[in-house]
Amino acid sequence: MNVINEMSVSFLSKSCNEAFARSVAAAFVMNLDPTINELSDIKTAVSEAVTNCIVHGYRRTSGMIYIKGKITDDNKVILKIRDKGCGIEDIKKAMEPLFTTAPEEERAGLGFAVMQSFCDRVKVKSTVGKGTIITLEKTFSSGNDR
């Protein structure tokens, strides 16, 4: 597996930047000639990860969100979405459907479940007080123009 393309972007943890992150992810995978469903899947997964950073990672404060992306020669996209927020105390618990740390904001607690349903693999690494890295991996059905 060789990396054939890479990107890196960072932006403030503002709700308006969630759409920006979706667009960046979509533009990045376009050279793989994704199906409409594949494109929608990656955009939705990135949206959920970025929303988690904004709502849970920074909890009414502000900070930076970082996205690093790689495309490999076997049509795999690897996206790492990172914050330097409060971190997750219990990752296993946080990944349970319907669990949320923000019930007052009427959050459904389905972010990780959504990410898992749209990606082949979701990894979460977190340190309390230092932040969280969510790694999304998805293999696309065909590659084009590499």
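This is a predicted model: local features need pLDDT of at least 70, side-chain atom pairs count only at pLDDT 80 or more; totals for chains, interfaces and linings use all residues.
Lys-138 is buried, and Asp-41 is buried as well.

The buried residues Lys-138 and Asp-41 are joined by a salt bridge between their side chains, with N and O 3.3 Å apart. The bridge ties together distant parts of the chain: Lys-138 belongs to strand 5 (residues 131–139), Asp-41 belongs to helix 2 (residues 36–57), and 97 residues separate them.

The structure has three salt bridges in total. They are listed here.

| Salt bridge | N to O distance |
|---|---|
| Lys-138 and Asp-41 | 3.3 Å |
| Lys-76 and Glu-137 | 3.6 Å |
| Lys-123 and Glu-137 | 3.8 Å |

Glu-137 takes part in a salt bridge with Lys-76.

Lys-123 is another salt-bridge partner of Glu-137. Is Lys-123 buried or partly exposed? Its relative accessibility is 34%, so Lys-123 counts as partly exposed. Through shared partners, the salt bridges join Lys-76, Lys-123 and Glu-137 into one network.

## Aromatic side chains

How many aromatic pairs does a search of the whole structure find? The search finds one. It consists of Phe-11 and Phe-20, with ring centres 5.6 Å apart and planes at 85° to each other, an edge-to-face arrangement. The two residues can also be described by their accessibility. Phe-11 counts as buried because its relative accessibility is 5%. Phe-20, at 36% relative accessibility, counts as partly exposed.

A contact of another kind involves Tyr-66. The charged end of Arg-82 sits over the ring of Tyr-66, at 4.3 Å from the ring centre.

## The sheet and its helices

Five strands form an open sheet in the order 1-2-3-5-4, and their pairing is antiparallel. Which strands stand at the edges? They are strand 1 (3–12) and strand 4; each has a single partner strand, so one side of each has no neighbour in the sheet. From one strand to the next, the twist averages 10°.

Strand 1 pairs with strand 2 (residues 64–72) in the antiparallel sense, over nine bridges. Within this part of the sheet, Asn-5 stands opposite Ile-71 of strand 2.

Helix 1 (residues 17–29) packs on the sheet and touches strand 1, strand 2 and strand 3. The direction of helix 1 makes about 170° with that of strand 1. Helix 2 packs on the sheet too, and its contacts are with strand 1, strand 2, strand 3 and strand 5. The direction of helix 2 makes about 15° with that of strand 3. Helix 2 is also the element that holds Asp-41, the partner of Lys-138 in strand 5.

Notes
Residues are numbered from 1 along each chain as its sequence is written. Side-chain values use heavy atoms; hydrogens and water are left out. A salt bridge is a side-chain nitrogen of Lys or Arg within 4 Å of a carboxyl oxygen of Asp or Glu. Helices (H or I, at least four residues) and strands (E, at least two) are DSSP runs, numbered from the N terminus. Buried means under 20% relative accessible area, exposed over 50%, partly exposed in between (1.4 Å probe, protein chains only). Rings of Phe, Tyr and Trp (its six-membered ring) pair if their centres lie within 6.5 Å; planes under 30 degrees apart count as stacked, over 60 as edge-to-face and the rest as tilted. A charge sits over a ring if NZ of Lys or CZ of Arg is within 6 Å of the ring centre and within 35 degrees of the ring normal. Two strands pair if DSSP finds at least two bridges between them. Axes are lines fitted to C-alpha atoms, for helices over the stretch in contact, and angles run from 0 to 180 degrees between N-to-C directions. Contact means heavy atoms within 4.5 Å.
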